[in-house]
Number of protein chains: 6
Amino acid sequence: MRILLVNPNMSTDMTDTMADIARQIAGPDVDVVPLTATRGFPYIASRAEAQIAGGIALEMIADNLSGVDAVILAAFGDPGLRAARELFDLPVIGMAEAAMMNAAMLGERFSIVTFSPVMRLWYLDCAQDSGLIGRCCGVRTPSSHPADMRDMRTSLRDDVIGLARQAAEEDSADVIILGGAPLAGMAKDIAGDVPAIVIDPIAAAVAQATAMVRITHPASFARRMRKPLAKPSLGLGPALTAIVAGEQWF
Amino acid sequence: MRILLVNPNMSTDMTDTMADIARQIAGPDVDVVPLTATRGFPYIASRAEAQIAGGIALEMIADNLSGVDAVILAAFGDPGLRAARELFDLPVIGMAEAAMMNAAMLGERFSIVTFSPVMRLWYLDCAQDSGLIGRCCGVRTPSSHPADMRDMRTSLRDDVIGLARQAAEEDSADVIILGGAPLAGMAKDIAGDVPAIVIDPIAAAVAQATAMVRITHPASFARRMRKPLAKPSLGLGPALTAIVAGEQWF
Amino acid sequence: MRILLVNPNMSTDMTDTMADIARQIAGPDVDVVPLTATRGFPYIASRAEAQIAGGIALEMIADNLSGVDAVILAAFGDPGLRAARELFDLPVIGMAEAAMMNAAMLGERFSIVTFSPVMRLWYLDCAQDSGLIGRCCGVRTPSSHPADMRDMRTSLRDDVIGLARQAAEEDSADVIILGGAPLAGMAKDIAGDVPAIVIDPIAAAVAQATAMVRITHPASFARRMRKPLAKPSLGLGPALTAIVAGEQWF
Amino acid sequence: MRILLVNPNMSTDMTDTMADIARQIAGPDVDVVPLTATRGFPYIASRAEAQIAGGIALEMIADNLSGVDAVILAAFGDPGLRAARELFDLPVIGMAEAAMMNAAMLGERFSIVTFSPVMRLWYLDCAQDSGLIGRCCGVRTPSSHPADMRDMRTSLRDDVIGLARQAAEEDSADVIILGGAPLAGMAKDIAGDVPAIVIDPIAAAVAQATAMVRITHPASFARRMRKPLAKPSLGLGPALTAIVAGEQWF
Amino acid sequence: MRILLVNPNMSTDMTDTMADIARQIAGPDVDVVPLTATRGFPYIASRAEAQIAGGIALEMIADNLSGVDAVILAAFGDPGLRAARELFDLPVIGMAEAAMMNAAMLGERFSIVTFSPVMRLWYLDCAQDSGLIGRCCGVRTPSSHPADMRDMRTSLRDDVIGLARQAAEEDSADVIILGGAPLAGMAKDIAGDVPAIVIDPIAAAVAQATAMVRITHPASFARRMRKPLAKPSLGLGPALTAIVAGEQWF
Amino acid sequence: MRILLVNPNMSTDMTDTMADIARQIAGPDVDVVPLTATRGFPYIASRAEAQIAGGIALEMIADNLSGVDAVILAAFGDPGLRAARELFDLPVIGMAEAAMMNAAMLGERFSIVTFSPVMRLWYLDCAQDSGLIGRCCGVRTPSSHPADMRDMRTSLRDDVIGLARQAAEEDSADVIILGGAPLAGMAKDIAGDVPAIVIDPIAAAVAQATAMVRITHPASFARRMRKPLAKPSLGLGPALTAIVAGEQWF
């Protein structure tokens with residue numbers, strides 16, 4: 001099985017961390033192919049950035065589809081998720097949506113803990129878009145944006161534990177999602193200090209991607225009635241142009 | 001990995017069919033342990049039956065927890081799901097909920113197709129309970145209850161294809177869930193005739209059970225704040241009595 | 001008129017208190033028949049317990065249906081309510097649902113005050129299930145579970161008044177429901193100290209049971225299209241077995 | 001017990017029919033005091049008419065409050081309900097709301113059947129306002145407005161039975177509400193021909209009014225925090241002027 | 001263009017202030033015709049008052065329709081809005097609804113700031129009725145009702161700035177609506193001190209009224225299928241009587 | 001006043017038609033500046049296309065902001081709306097959202113009529129995103145995609161009238177929105193044949209853009225707390241790069 005891990009942020013460090021976790025979860029039989037955006041933003045934190053980065057993600061997927069069984073959009077907030085799912089004939093998994101679906105299968109209510117107040121509303125919008133807002137107790141964040149985006153897994157450790165405890169104790173969350181790529185890998189560091197089930201979204205996304213591949217047949221995706229009509233375009237990369245035009249690209 | 005497949009219906013035929021599918025999806029490294037209810041109902045089709053069968057399922061799980069990593073409630077409608085999830089310190093997956101979560105990760109909207117109008121409202125209630133009712137296009141069924149519950153996979157083949165096509169064409173479903181244990185295994189028979197992605201709930205449940213085991217740590221479940229308080233009881237089996245009493249049973 | 005008051009908890013003290021209140025509300029023309037569970041739990045406080053106790057309640061009802069005009073499920077949280085309503089051909093009233101419907105007919109918004117934080121989420125789920133969550137301002141409780149479950153009507157008096165005042169002043173509740181059997185009878189003790197209408201759920205349930213009997217015809221229940229299909233079963237008591245099998249038991 | 005039955009329509013025939021039913025349900029111990037509007041509309045069928053007739057109903061109530069224990073707004077659609085409930089210190093019951101709350105205690109889902117397509121949207125708005133829209137299967141009506149508003153209980157009998165059967169069979173309603181004063185009394189005529197529980201709203205309203213009186217204390221209403229502030233007014237009748245001004249009128 | 005500005009409160013001072021703002025926004029080509037209620041209440045602050053004042057507003061509109069292109073209901077809370085919209089063949093704009101629709105076109109989420117806690121629930125109900133409750137972050141008010149209703153634009157200035165800042169900072173509002181006629185004109189005084197877009201509802205209502213006139217054709221209103229049926233009435237003013245009777249009044 | 005009319009489709013014909021309507025509605029004092037996308041798609045009909053075209057629209061806006069007072073996204077479906085609104089310090093109006101907000105101020109319920117079944121789900125998603133789905137009666141379309149996209153205003157005239165009549169008669173719509181740029185200008189052609197108010201979305205968008213400019217102060221937009229943090233980027237046009245970087249571009 002071959003899974004494309006598409007980081008629509010320009011941070012290769014983040015991609016490397018996420019690819020490591022992905023490989024641990026996916027096991028040796030799965031080929032995880034990480035990609036990092038070469039244009040766009042260092043990290044995506046707004047709808048405006050997600051609008052643009054989502055388009056970049058579509059190009060990245062189209063350019064690398066050959067032999068791929070599933071795609072992971074490896075940015076919490078899932079830029080381009082619905083567009084990609086509509087366009088490509090294979091499972092496309094978003095980190096945020098996968099984490100929330102998982103959380104809803106593990107407990108009654110989940111909370112999201114993340115690294116900056118800047119992300120709060122966007123993540124709530126993700127919960128709304130997934131349909132699971134009724135099972136979400138909210139998003140907890142530190143009170144200010146971190147001065148340094150590097151190495152948060154260490155610098156924010158105590159803060160994140162505190163926020164997760166509050167989510168369990170005050171918001172009644174059974175499950176805590178650690179949202180945002182900078183917290184990737186942190187779930188297992190802190191699980192022992194949190195009275196709830198803690199979820200790492202990249203782990204959730206990989207587990208879901210492999211699950212989706214196992215229970216679907218590739219031909220079904222091509223057979224879907226509700227795909228966009230084929231159409232001409234101008235200015236897209238050659239792979240995406242062909243796919244939008246309804247041509248068999250691979 | 002060891003997964004308990006708990007059929008709260010008394011039909012061993014159904015259990016056998018579901019166990020076969022489960023093993024195909026789970027692969028050779030997973031030990032699927034099927035259990036069939038020895039009291040209750042031949043098949044569950046109402047809330048009253050689900051109330052009782054859900055209680056029976058709790059006993060079946062408690063009696064067989066040793067060495068188990070995850071539990072599947074193998075009846076569409078998920079009798080006892082929330083109760084089991086609250087009580088036991090491991091992932092508990094419901095067939096209906098798993099199928100709907102999967103469906104929502106594969107497309108915008110899903111429909112459920114099942115074998116009898118009798119199931120319609122209960123399945124809609126499941127969609128409501130999961131939180132995903134807003135992404136559900138409805139439940140399509142034959143107009144009357146089947147005279148013969150056996151071998152529906154053959155006898156209802158054409159009907160189910162017709163209903164699934166209507167769900168895709170008229171209700172705009174991207175994904176079709178074949179609900180109800182009697183349709184287990186049918187997804188792959190009919191996928192080629194349906195212009196949408198077709199999901200087999202037992203396959204979905206197994207894929208989710210293995211996914212949940214991979215991304216969670218067993219100790220987290222025991223650490224949950226939101227577990228029921230330990231308490232005495234009368235008339236339950238010894239294993240369930242111990243678990244309700246907060247004792248370490250295994 | 002004969003009303004079955006089914007306490008699915010094993011506490012006869014609670015049953016006695018509730019039966020007294022029921023008789024005061026129902027008046028001399030109504031025969032209130034109290035029943036206490038002889039297996040299950042001392043008091044129900046979780047979904048897991050409600051799953052089991054709801055099944056026990058179905059047996060209790062089936063065994064005592066003769067000559068009965070209506071049934072009250074006398075545990076806030078209404079274990080088995082939907083199942084019983086579907087199965088038996090007479091009005092079945094839940095304490096929580098009746099209290100919330102009453103509250104919604106007396107004011108715009110209601111709050112629930114109860115004796116332990118352990119009950120909070122379950123009661124919110126009841127409000128959700130009833131359809132009236134949009135008119136519910138929340139559930140207020142003491143910050144910890146009471147050390148002694150006996151005589152709360154005295155020991156918690158000041159706490160409950162304080163919580164009810166907060167619900168009126170801070171949450172804008174017009175009506176306060178005192179949830180949970182241990183608070184039965186307390187409404188009239190504290191009404192003078194609360195700037196809102198205070199409701200006793202057992203009083204509400206009795207008033208609703210008599211109301212439902214007066215405005216319905218027994219034959220209508222038997223005529224309902226949406227009853228479960230008759231079916232065989234194994235392991236249920238003889239009365240419940242017969243009713244599930246669609247036989248005329250009385 | 002003394003109950004004011006306020007018909008905000010100008011039809012005394014309708015008032016008489018409703019008062020008869022009310023007395024049958026209420027029994028000999030309850031004094032039912034019927035009032036008919038002397039200005040406004042022959043029957044209310046729009047929001048514009050309800051806006052005006054609701055104001056008239058407030059005057060009718062204020063002028064007749066002496067010795068009254070509860071008020072029934074005897075027009076399906078409940079003109080002035082929220083206003084009256086806020087203003088007067090006693091239970092105020094609306095026919096539509098009471099019928100829907102009753103219906104929701106008797107079954108999972110209810111439908112409304114009424115005499116004219118003109119009423120359909122207004123009744124749906126009532127279901128929305130009550131909070132129970134999620135349990136309402138819709139409003140079924142004849143395809144055109146009746147040429148003659150008199151004696152519909154006879155002339156529409158077959159139509160109403162047909163619509164009620166459709167609501168049960170096609171919309172899955174467990175309970176059917178016969179909406180609109182012109183259908184008052186019809187429930188018992190047709191119950192034998194409908195495979196669902198049939199509810200007469202005036203009967204429901206009376207049963208609820210007596211229930212509310214039994215479970216509340218009059219002083220609680222006066223104690224409510226959320227009453228409108230006392231204020232001067234111009235042009236209202238003397239009784240309503242006094243009540244709005246926060247004076248003790250009786 | 002001629003716009004009727006209907007103040008259903010009896011305060012001519014408020015009408016004058018609102019008419020000034022209306023004329024500034026509308027420009028010289030628009031004839032703003034202010035009307036003040038001559039009966040009813042000094043200011044409307046409850047549902048009971050809105051029930052009555054809404055009826056008065058219908059009379060005021062009917063009496064002054066000649067040559068009018070649009071109507072503004074100039075009381076936040078919009079008493080009589082749905083009734084007037086249904087009845088009259090021209091655009092009818094409510095201050096609260098217009099402000100919320102505007103707010104929703106300027107940002108993701110809006111808050112309402114007003115002068116008294118007494119208004120809070122009514123304004124939340126307006127947000128609910130408009131359909132935009134999901135985009136409303138709440139209503140912030142001073143903790144007590146102002147002792148003096150005059151000159152709040154000066155006396156409440158600092159309070160309102162503080163509340164608006166809290167709405168932006170703590171509730172994440174992009175847009176702040178200053179609700180209630182006493183705050184009319186205040187938006188531009190405080191905009192520089194608030195980190196969000198501040199909206200004056202009377203300005204919003206005027207802007208919407210002129211917009212609606214520009215994009216609709218008067219004949220379309222008369223052609224609407226969903227108007228109330230013509231009917232006789234008793235006790236209404238002659239103009240309203242004629243309009244209710246379906247007669248051409250002008 | 002200067003309004004940018006941004007057509008993110010590549011069809012200059014459509015832009016010309018929309019600019020004509022815009023100028024008629026806006027009047028001589030408003031400078032309407034039309035822009036047509038020079039890359040992307042002939043017309044946008046899917047989420048995938050909207051993802052990409054929304055990014056193109058951001059570039060078009062950034063490149064032409066000088067002296068502009070408001071922006072209209074001139075494609076029904078509003079690609080890039082939330083992103084643009086967040087990023088740019090002026091009112092940004094979407095055709096679909098503006099039409100729905102207008103419709104909700106003119107009647108209780110609105111329907112959308114459009115030219116192809118392909119658009120149906122996307123338009124429903126727009127209604128959902130706006131918050132007004134509860135007031136939307138649905139989207140009606142011809143049964144198949146038109147063979148020729150040119151001159152639909154003539155070729156689809158009868159179809160659109162028929163669909164609009166059905167929306168009024170069967171779905172109870174008070175207001176009909178003609179969705180999709182190809183139907184621009186058609187509202188006035190057909191209004192006389194439809195028993196409801198008919199809305200042209202480009203007219204609605206222009207009316208809203210001018211309304212928003214009139215009631216807001218430009219400085220308020222710059223002062224918003226909830227703007228994205230300034231950040232570096234790679235590969236965007238110079239204007240957009242500067243704006244994303246928080247620089248004063250004009």
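1. Interface of chains A and B. In this predicted model, chain A and chain B bury about 4200 Å² between them, 61% of it on carbon and sulfur atoms. Buried area here is the accessible area (1.4 Å probe) that two parts lose on being put together, summed over both. Three residues, A:Met105, A:Arg214 and A:Ile215, supply 17% of the area that chain A buries against chain B, more than any other three residues. By contact (heavy atoms within 4.5 Å), 49 residues of chain A meet 49 residues of chain B.

2. Conventions. Residues are numbered from 1 along each chain as its sequence is written, while chains are lettered from A and ligands numbered from 1 in the order in which they are written. The model being predicted, local features need pLDDT of at least 70, side-chain atom pairs count only at pLDDT 80 or more, and totals for chains, interfaces and linings use all residues; side-chain values use heavy atoms, with hydrogens and water left out.

3. A salt bridge is a side-chain nitrogen of Lys or Arg within 4 Å of a carboxyl oxygen of Asp or Glu. B:Glu97 forms a salt bridge with A:Arg135, with the closest N and O atoms 3.5 Å apart. There are also 16 residue pairs in polar contact across the interface of chain A and chain B, both residues at pLDDT 80 or more. A polar contact is a pair of N or O atoms within 3.5 Å; within protein, one must be able to donate a hydrogen and the other to accept it, and residues adjacent in sequence count only if both atoms are side-chain atoms.

4. Elements on the chain A side. Those giving two or more residues to the side that touches chain B include α3 (81-87), β4 (92-94), α4 (95-106) and α9 (201-215) of chain A. α9(A) gives the most, with 9 residues. Helices (H or I, at least four residues) and strands (E, at least two) are DSSP runs, numbered from the N terminus. By class, this side of chain A has 25 nonpolar, 11 polar and 13 charged residues. Ala, Val, Leu, Ile, Met, Phe, Trp, Tyr, Cys and Pro count as nonpolar, Asp, Glu, Lys and Arg as charged, and the others, Gly among them, as polar.

5. Chains that do not touch. Chain A and chain D do not touch, and their nearest C-alpha atoms are 15 Å apart. Chain C and chain F do not touch; their nearest C-alpha atoms are also 15 Å apart.

6. Cysteines. A search of the whole structure finds 0 disulfides over all chains. The cut-off is a pair of cysteine sulfur atoms within 2.5 Å. For E:Cys136, the nearest cysteine sulfur is that of E:Cys137, 6.5 Å away. E:Cys136 is buried, with a relative accessible area of 13%. Buried means under 20% relative accessible area, exposed over 50%, partly exposed in between (1.4 Å probe, protein chains only).

7. B:Asp171. This residue is in the loop between α7 (157-169) and β7 (175-178) of chain B. B:Asp171 is buried at 19%. Its side chain makes a polar contact with the side chain of B:Arg140 (2.7 Å). Leaving aside neighbours within four places in sequence, B:Asp171 is in contact with B:Ser111, B:Cys137, B:Arg140 and B:Gln166.

8. B:Ser144. The residue sits in the loop between β6 (136-140) and α6 (152-155) of chain B. B:Ser144 is partly exposed, at 47% relative accessibility. B:Ser144 and B:Ser116 are 28 residues apart in sequence and 6.2 Å apart in space, C-alpha to C-alpha.
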